[in-house]
Amino acid sequence: MKRLFRAAYVATMAGPVLENAAIVVEDGRIVEVGTCDELLAGKREPYGADHVIDFGRAVILPGLVNAHTHLELTNIGQLPDPASFVDWILALRKRVAAVSAGPEQIARSTENGLAECLKSGVTTVGDITLNPAITRAVIQGSPIRAVSFGEVLGMAGRAGQMEERIAAAVMPSTRSNLRIGIEPHSPYSLDLVGYRRCLEEAKRHAVPLATHLAETPDEAEFLASHSGAFRRLWETLGGWQEGVSRAEGGPIRAMKEVGLLDYPTVLAHVNYVDDAELEILAQGKASVVYCPWTHAYFGHPPHRFVEMLARGINVAVGTDSAASAPDLDFVEELRLIHMDHPELPVEVVFEMATIRGARALGMADQIGTIEPGKSADFCVFKVNSR
């Protein structure tokens with residue numbers, strides 16, 4: 001059965017915005033896109049009133065893509081402004097233990113996160129999860145699409161947990177709305193040996209990778225000498241052992257050495273990057289996800305995503321978690337980008353929220369634009385009458 005969805009505007013993200021336009025859908029796929037005059041002309045198949053959905057003065061967009069979030073932390077709530085990133089991590093661990101450590105709480109938090117995403121037009125997420133068996137069961141029962149990246153930690157005295165977390169990350173899914181991935185967490189929670197293991201497993205299972213990278217300037221010091229803020233974190237948590245691999249030149253160069261940048265990897269944040277590192281990223285296959293509200297929350301210097309785009313680096317948008325952002329309202333993330341960069345064409349902002357997010361998650365053949373052959377995956381926003 002064919003259905004026709006019409007509105008004042010259709011922003012396909014594959015060409016100019018169409019006015020008085022419509023999308024024809026059959027069996028969950030887009031079969032035609034065009035103006036209503038074209039699609040309803042006599043040479044076209046007529047549509048009965050019950051097969052036409054008219055959104056009126058609205059714009060139809062591809063479903064928005066939240067390329068980096070932590071659904072299981074939604075109910076944690078934004079933590080008070082921390083003295084440092086490490087202090088935030090320590091406070092987060094305490095809050096999780098007190099509020100959302102059990103399976104029921106994790107599932108409920110994931111459900112609420114999905115609801116917040118859907119409410120703001122997000123139909124696809126790149127979710128980071130420490131509890132894949134729980135969160136994936138919730139996602140599979142939802143209307144949202146997801147790449148679920150199982151989080152892998154384990155270095156020094158905690159290295160023994162790494163293989164168990166990799167095994168949990170690569171547990172296969174049979175549901176069409178869920179793809180699996182692996183997330184070697186960060187250079188301060190997993191050593192380079194662990195990163196290589198994750199890359200090896202990602203290639204073996206043909207799944208995508210994600211990681212937190214260059215989130216703070218302290219990563220470079222920790223990689224080079226195992227000192228600084230992240231050494232304090234390890235001393236507070238316990239479990240540090242000598243003999244962990246080191247790397248000069250910072251986290252981006254370290255990931256280049258490991259091979260992560262030559263693989264379809266989602267790099268969350270990348271808040272600290274020099275010109276030479278921009279060139280390294282431009283030569284690779286990894287995508288960057290900018291999280292505006294979390295970036296502002298931690299008081300980082302202005303993000304260089306505009307320069308990244310100019311160099312051909314794929315940059316998407318994410319909400320990160322509700323423990324650092326006010327909530328998972330994706331539209332507010334886009335509004336913050338527009339407020340901070342009014343010179344940036346709004347089309348570019350929405351590219352980052354749609355097709356670029358789809359590319360980052362390896363789903364550009366299915367979603368991200370409104371074109372024949374792609375999934376009928378779109379969202380609708382009312383247009384101000386002014």
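Cysteine 117 is tucked away in this one: the residue is buried, at a relative accessible area of 0%. What you have here is a predicted model, and a look through the whole structure turns up 19 salt bridges but zero disulfides.

**Cysteines**

- The disulfide count is zero. Cysteine 117 is in no disulfide, and the nearest cysteine sulfur, which belongs to cysteine 291, sits 12 Å away.
- Cysteine 198 is another buried one, with 0% relative accessibility.

- Start with strand 1 (residues 2-10), which pairs with strand 2 (residues 18-26) in the antiparallel sense, with eight bridges between them.
- If you want a landmark in that pairing, take arginine 3, which faces valine 25 in strand 2.
- Strand 2 also pairs with strand 3 (residues 29-35), again antiparallel, this time through six bridges. Here alanine 21 has threonine 35 of strand 3 as its bridge partner.
- The hairpin of strand 2 and strand 3 has two residues between the strands, and aspartate 27 in that hairpin takes a positive phi near 55°.
- When picking out side chains along these strands, keep in mind that in a regular strand they alternate between the two faces of the sheet.

**Histidine 68**

- You'll find histidine 68 in strand 6 (residues 64-69).
- Is histidine 68 buried or exposed? Histidine 68 has a relative accessible area of 3%, so this residue counts as buried.
- Its side chain makes a polar contact with the side chain of histidine 70, at 3.4 Å.
- Beyond its neighbours within four places in sequence, histidine 68 is in contact with a list of residues that includes Gly126, Ile128, His212, Ala268 and His269.
- Also among the contacts of histidine 68 are Val289, Cys291, Val317, Gly318, Thr319 and Asp320.

**Salt bridges**

- Out of the 19 salt bridges, one joins arginine 196 to glutamate 257, with the closest N and O atoms 3.4 Å apart. Arginine 196 is in helix 6 (residues 192-205) and glutamate 257 in helix 9 (residues 251-258), so this pair ties together parts that are 61 residues apart in sequence.
- As for accessibility, arginine 196 is partly exposed at 37%, while glutamate 257 counts as exposed at 53%.
- Arginine 231 and glutamate 242 form another salt bridge, their closest N and O atoms being 3.3 Å apart. Arginine 231 belongs to helix 8 (residues 229-237) and glutamate 242 to the loop between helix 8 and helix 9, so the parts tied together are 11 residues apart in sequence.
- Glutamate 242 counts as exposed, with 54% relative accessibility.
- Aspartate 274 and arginine 253 also meet through their side chains in a salt bridge, at 3.7 Å from N to O. This pair links distant parts of the chain, 21 residues apart: aspartate 274 is in the loop between strand 11 (265-269) and helix 10 (275-282), and arginine 253 is in helix 9.
- Both partners there are partly exposed, aspartate 274 at 33% relative accessibility and arginine 253 at 29%.

Note on methods: Residues are numbered from 1 along each chain as its sequence is written. This is a predicted model: local features need pLDDT of at least 70, side-chain atom pairs count only at pLDDT 80 or more; totals for chains, interfaces and linings use all residues. Side-chain values use heavy atoms; hydrogens and water are left out. A disulfide is a pair of cysteine sulfur atoms within 2.5 Å. Buried means under 20% relative accessible area, exposed over 50%, partly exposed in between (1.4 Å probe, protein chains only). Two strands pair if DSSP finds at least two bridges between them. Helices (H or I, at least four residues) and strands (E, at least two) are DSSP runs, numbered from the N terminus. A polar contact is a pair of N or O atoms within 3.5 Å; within protein, one must be able to donate a hydrogen and the other to accept it, and residues adjacent in sequence count only if both atoms are side-chain atoms. Contact means heavy atoms within 4.5 Å. A salt bridge is a side-chain nitrogen of Lys or Arg within 4 Å of a carboxyl oxygen of Asp or Glu.
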